[in-house]
Amino acid sequence: MYGPRGQSEGVLLAVRRSLKRGSLCAPLPRLSAVLRLPLHRFCAGPRSPLGSHQAMAASLGPKPLVAVGQVTSTPDKEQNFSGCAALVRAAARRGACLVFLPEGFDYIGRDSAQTLSLAESLDGDLMVRYSTLARDCGVWLSLGGFHERRADWPSTQRIYNCHVLLDPTGRLAAAYRKTHLCDVELEGRVTMKESSFTNPGTEIVPPISTPAGMLGLSICYDLRFPEISLALRHAGAEILTYPSAFTFPTGSAHWEVLLRARAIETQCYVVAAAQTGRNHEGRVSYGHTLVADPWGAVVAQCSEGPGLCYAEIDLEYLRRVRREIPVQSHRRADLYGTVGLQAALSVP
């Protein structure tokens, strides 16, 4: 398999035992750190046909480690910050360079009135505390789904769903405001009307250079629109991130398949921090925080409850996937968007 027979069998046996226990979080990076092998070699999910002894040897050496958080936010902002800060500090101790938190990491309100009343601006107290946390821990923070009041609050009485990226000095590196708002109604199960209290963002933010790679920012419902992921890939993204708060009916049906599809079609790592469990008496979130590699394999995933999973970002592996199946150069941008156009132009 990989390396001496006895060593590889021992490692795989340990992983199988870990998987049977349902723990896909902490044990995997520890094995990877000891052996210095790409994390995707040892995780559950489809195996890539690209592996070989030569490729493994070329991939030896430390790679950027990312930590992906899973939390159960409530309307209690102080309690939420304490829980998130503990996860960030734990990830920093493990050597992660970038920590991802999900949509609604700051809070999840019981209704739109409470959601609006708890919102803050980017220079408010909560974001100052996260900035200090990033600086103290020396990590990048991806804070997906911050409830943001902007200058138009007095006139619109609406907020923005803002994905904030902080660098290790605590500086604001980027802010993406969710462009696709979740207005859905599943009869008898889920009703959401995000547009009733949220303004849509007006731009896609270019990928940001981080120690783990070029990072493209999205939020939750954006996952259902491949156009944004393809636009970010075209702009140079190597990692796509979807901090989310999926409901149980939609998550159980669509969560993993959508994330893996985005990874496969863009040949990017996909990182998806998620809300899990009962946020309040009227809401249960799906969870299943995960990381998918550019082949579409799930290389890290959280089990039930709050916690962290870890993944190494192997950009050499990403480049190999892209080189061997060069879909980006095969795209027909000259044709997309033209279906039926010629017929329409020919109508007298």
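Trainee: Which element gives the largest share of the lining of the largest pocket?
Mentor: The model is predicted: local features need pLDDT of at least 70, side-chain atom pairs count only at pLDDT 80 or more, and totals for chains, interfaces and linings use all residues. Numbering runs from 1 along each chain as its sequence is written, and side-chain values use heavy atoms, without hydrogens and water. A pocket is an open set of points on a 1 Å grid over the protein atoms alone, where a 1.4 Å probe fits, with protein on both sides within 12 Å along at least five of seven lines; lining residues have an atom within 4 Å of a point. Of the 42 lining residues, five, the largest share, come from helix 9.

Trainee: How far apart are the end C-alpha atoms of helix 9?
Mentor: Helix 9 covers residues 248-266, a DSSP run (H or I, at least four residues; strands are E, at least two). The expected span is 1.5 Å times one less than the number of residues. For the 19 residues of helix 9 that should be 27 Å, which agrees with the end C-alpha distance of 26 Å.

Trainee: Where is the kink in helix 9 centred?
Mentor: The bend at a residue is the angle between axes fitted to the seven residues ending there and the seven starting there. In helix 9 the kink is about 50 degrees, centred on H254.

Trainee: Is Q267 buried or exposed?
Mentor: Q267 is found in the loop between helix 9 and strand 11 (269-272). Its phi is positive, about 55 degrees, although Q267 is not a glycine. Buried means under 20% relative accessible area, exposed over 50% and partly exposed in between, with a 1.4 Å probe and protein chains only. At 3% relative accessibility, Q267 therefore counts as buried.

Trainee: How does H288 count by relative accessibility?
Mentor: H288 also is not a glycine and has a positive phi, about 65 degrees. H288 lies in the loop between strand 13 and strand 14 (290-292). Because its relative accessibility is 23%, H288 counts as partly exposed.

Trainee: What is the C-alpha to C-alpha distance between V99 and A273?
Mentor: V99 lies in strand 2 (residues 98-101) and is buried, at a relative accessible area of 0%. Leaving aside neighbours within four places in sequence, its contacts (heavy atoms within 4.5 Å) include A67, V88, V139 and W140. V99 and A273 are 174 residues apart in sequence, and their C-alpha distance in space is 9.5 Å.
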